[in-house]
Amino acid sequence: MVKLYRCQICGDGYIGVSPPTNCPFCGAHMEYLLEAKDAVVNFDVSLNAKDRANAERALQVEISNSAFYMCAANKTNDTEGKVLFKTLGKIEAEHASIWRKILKLDAVAPGNETCHVENVENLKESHARETRAIAIYRKAGAEAENPRIKQIFEALVDIETDHLHLSEARLS
């Protein structure tokens with residue numbers, strides 16, 4: 001029977017017989033995908049100064065990474081790379097949207113990043129960006145006092161680690 005599922009990280013819905021392995025919108029792992037009637041999704045959270053600073057930094061990381069991936073999707077000289085980078089760009093944009101909602105911002109300025117024509121150079125840059133994001137998010141998750149902020153950072157560490165594996169597999 002077809003059901004409505006909802007991602008507890010990004011809040012988006014998914015219709016299917018079973019939940020997907022990963023959220024098709026933000027990449028969250030299946031553990032965060034529940035039947036919509038059971039999912040608790042809240043972006044209206046109280047932020048202390050440290051959580052706010054970490055959320056603001058995460059927003060900038062996601063805007064920058066999304067812009068880089070969209071640039072790479074348009075420029076790279078590899079057909080699969082174009083698909084990979086476009087997909088990653090959409091996911092990173094969804095992550096930025098999560099932080100925009102948490103920070104109660106109506107809009108954010110788009111990023112403006114450069115990229116390469118050579119696919120391998122974009123993969124190397126992707127690897128570096130994901131490695132940095134994982135380190136930032138792991139530290140922010142450990143520092144988080146708000147349980148929702150901690151949950152988001154922990155989910156993003158897993159998601160960005162998945163992205164890291166994608167670049168590693170293509171670079172080896």
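Okay, some ground rules. What you see is a predicted model, where local features need pLDDT of at least 70 and side-chain atom pairs count only at pLDDT 80 or more, while totals for chains, interfaces and linings use all residues. Residues are numbered from 1 along each chain as its sequence is written, and side-chain values use heavy atoms, with hydrogens and water left out.

When I say helix, I mean a DSSP run of H or I with at least four residues, while strands are runs of E with at least two, numbered from the N terminus. Two packed helices are described by the angle between their axes and the distance between the axes. Those axes are lines fitted to C-alpha atoms, for helices over the stretch in contact, and the angles run from 0 to 180 degrees between N-to-C directions.

So which way do α1 and α3 run relative to each other, parallel or antiparallel? Helix α1 covers residues 49-75 and α3 covers 119-143; their axes come within 11 Å and cross at roughly 165°. They are therefore roughly antiparallel; that label needs over 145 degrees, while under 35 is roughly parallel, 65 to 115 roughly perpendicular, and the rest oblique. The crossing is left-handed, meaning the near helix is turned anticlockwise from the far one by less than a right angle, and clockwise would be right-handed.

Who touches whom here? Contact means heavy atoms within 4.5 Å. On the α1 side, the residues include K50, R57, F68 and Y69, and on the α3 side they include R129, I136 and Y137. By class, this contact has nine nonpolar, five polar and nine charged residues. Ala, Val, Leu, Ile, Met, Phe, Trp, Tyr, Cys and Pro count as nonpolar, Asp, Glu, Lys and Arg as charged, and the others, Gly among them, as polar.

Next pair: α2 and α3 pack at about 25°, axes 11 Å apart. That makes α2 roughly parallel to α3, and this crossing is left-handed too. G81, L84, F85, L88 and E92 of α2 meet N119, N122, L123, S126 and E130 of α3. That's four nonpolar, four polar and two charged.

And α1 with α4? The angle is about 30° and the axes are 12 Å apart, which makes α1 roughly parallel to α4. Again the crossing is left-handed. D51, N54, A55, A58 and E62 in α1 meet I149, F153, L156 and E160 in α4.

Now, which residues line the largest pocket? They are N22, G27, L84, T87, L88, I91, I159, D162, H163 and L166. Helices α2 (79-102) and α4 (147-171) are the elements giving two or more residues. The pocket holds about 160 Å³ of space. On a 1 Å grid over the protein atoms alone, a pocket is an open set of points with protein on both sides within 12 Å along at least five of seven lines, and a lining residue has an atom within 4 Å of a point. Points are joined across faces, edges and corners, and the volume is the space filled by probe spheres set on them.

Last, the lysines. K90 sits in α2 and touches F25 and M70, leaving aside residues up to four places away in sequence. K104 is in the loop between α2 and α3, and its phi is near 60°, a positive value in a residue other than glycine.

Methods
1 Å grid on protein atoms, 1.4 Å probe; cavity = no way out; pocket = protein on both sides within 12 Å on 5 of 7 lines; lining within 4 Å.
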